[in-house]
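Q: I am new to this structure and would like to learn how its features are read. May we go through them one at a time?

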Amino acid sequence: MRANVASYDVVAPETLAEALTLLADEPGVWTPMAGGTDLMVLFEAGKLPTGRYLSIHGLPELRGITVDDDAVTIGALTTYSEIRDHAVINADLPMLAQAARETGALAIQNRGTLGGNIANASPAADSPPALVAYGAELTLVSAAGTRTVPYRGFHTGYKQMDLRPGELIHSIRVPRRPASEGWVHFYRKVGTRAYQAISKVCFAACARLSDGGVAEVRVGFGSVAPTVLIASALEAALTGARLDDAGLEAAVAAAARHEVAAIDDIRSTARYRTQVSENLAVAFLHALRAGG
Amino acid sequence: MAEVAVGKVAVTFTVNGVERTVETYPMARLLDVLREDLRLTGTKEGCGEGECGACSAFVDGRLVNTCLVPAIQARGAKIETIEGLASGAELHAVQQAFIDAGGAQCGICTPGMVLATVALLREHPEPTEAEVREGLAGNLCRCTGYMKIFDSVETAARAIRARQDAATAGEGGAS
């Protein structure tokens, strides 16, 4: 049943400073709201807690993409469409463009934001595995100042994260991973259909190859654990490995099988998700061999 | 300090070129504001959760699901609904194409399909089949099986190109 619309206060400050002051003055009172593509679904279903919401959607300080030699910095309120259409992201961080393109469909991509996707903290979100695989950093801002934290480890449990009261996600800094420096990117979203589907399993991996071996690798999974999963065992199995090592396939499959903590739910089963996770890890290895 | 909303607030935006002000709750869905406050019932409600695209409209030039936009986020926005597409009695080429190619049956998805097609053809005037499928992926139809909708998109693309070619030829003749 739909919620009672009169039970929701929403304010929309015009500047970031104003928003941060409000959050600092009344701790715990205000829930930030970005593009609304998750919260409004809960609202319609009558599952959004009543109370006070801080619409940050229009804040110009949190929008836009900037590029320097080493990294791309994405404002938290940058939409999926802006990410999907950005030339440097497509060239050097193609998994972010692909994740944006496979989130919902056009009308969602025009409204949904990367920062909102992170703060909504769904384990099934499509961008977080790519952010794990790219070793992204978050800049968090509050009235007290800013701090920067690695994205890996930001989510501490189901819907839990290292975001203090009064803090907003300001921006996401992602190191550039150009193919010319040996980086291989591998992203797969497995859902019921190509668009408008929530993942059964999502897999993102990025490795730097050097002399027939894996010099550096990071891997993230979605929808197989209470948060986006940092695939430490899979990363360990691959780091320093020779791609022509005949035993690598079995090692990679075993690592993926053991580290996912998939469950049965409305979208899939633990058994299916575990098998697909294993298959995707092996497919990534094949992609590395093809690219190395 | 931001004003704390208590009860209804005034929200002013432009709809189909006309400035409108509504008194509504800040969390009211833009979809309901359009349909109930402004009686613009061409925008339809299907799923109410951003899956079906029946409630699509342009907000600041971007196609969005109006069921997912709280009214307060529409403050100052430029909104274009299906009612604003035709020029007087003359239908937009995409609307005409949906009639000509049989792209509409029950009609609930049609306004969203038409607007998604407009958005698609702005980006891709000669869309491939893959681009058509991606461009309309957020719009569900339970009647047509989609093939006549895809035909309508192609028909519209041809009509728009023919119109542009004619305009270009006309300019050329005048110079």
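A: Let us begin with burial: a residue counts as buried if 20 or more other C-beta atoms lie within 10 Å of its own, and as exposed if 12 or fewer do. The model shown here is predicted. In it, A:Gln196 is buried, with 21 other C-beta atoms within 10 Å.

Q: Where is A:Gln196 placed in chain A?

A: A:Gln196 belongs to the loop between β11 and β12 of chain A. Its backbone deserves attention as well. Most residues other than glycine have a negative phi. A:Gln196, however, has a positive phi, near 55°.

Q: Is A:Lys159 buried or exposed?

A: A:Lys159 has 12 other C-beta atoms within 10 Å, and is therefore exposed.

Q: How many residues does helix α11 of chain A have, and how far does α11 reach?

A: Helix α11(A), residues 270-291, has 22 residues. From its first C-alpha to its last it reaches 31 Å, close to the 32 Å expected at 1.5 Å a residue. Among the buried residues of α11(A) are A:Val276, A:Leu280, A:Phe284 and A:Leu288, and A:Arg273 is also one of them. The buried residues of this helix pack against β11 (183-190), β12 (201-210), β13 (213-222), α9 (232-238) and α10 (248-259) of chain A.

Q: How is a sheet described?

A: Strands of a sheet pair through backbone hydrogen bonds, either parallel or antiparallel. One sheet of chain A is open and has four strands in the order β11-β12-β13-β14, with antiparallel pairing. At its edges stand β11 and β14 (229-230) of chain A, each with a single partner strand, so one side of each is left without a neighbour in the sheet. Within this sheet, nine bridges join β12(A) to β13(A). In one of these pairings, A:Arg208 has A:Glu216 in β13(A) as its bridge partner.

Q: Which helices lie on that sheet?

A: Helix α5 of chain A, residues 94-101, packs on the sheet and touches β11 and β12 of chain A. The direction of α5(A) makes about 15° with that of β11(A). Helix α11(A) lies across β11, β12 and β13 of chain A, running at about 25° to β12(A).

Q: In what order do the strands of the five-stranded open sheet of chain A come?

A: The order is β4-β5-β10-β6-β7, and the pairing is antiparallel. The edge strands are β4 (65-67) and β7 (145-150) of chain A, each of which pairs on one side only. From one strand to the next, the twist averages 20°. Three bridges hold the antiparallel pair of β4(A) and β5(A), residues 71-75. There, A:Val67 has A:Val72 of β5(A) as its bridge partner.

Q: What is the overall make-up of chain B?

A: Chain B has five helices and five strands. Along the sequence they follow the pattern β-β-α-β-β-β-α-α-α-α. The C-alpha trace of chain B spans about 60 × 45 × 30 Å along its principal axes. Of its 175 residues, 44% count as buried.

How values were computed
Residues are numbered from 1 along each chain as its sequence is written. Chains are lettered from A and ligands numbered from 1 in the order in which they are written. This is a predicted model: local features need pLDDT of at least 70, side-chain atom pairs count only at pLDDT 80 or more; totals for chains, interfaces and linings use all residues. Two strands pair if DSSP finds at least two bridges between them. Helices (H or I, at least four residues) and strands (E, at least two) are DSSP runs, numbered from the N terminus. Axes are lines fitted to C-alpha atoms, for helices over the stretch in contact, and angles run from 0 to 180 degrees between N-to-C directions. The expected span of a helix is 1.5 Å times one less than its number of residues. Two residues are in contact if their C-beta atoms, placed from the backbone, lie within 7 Å.
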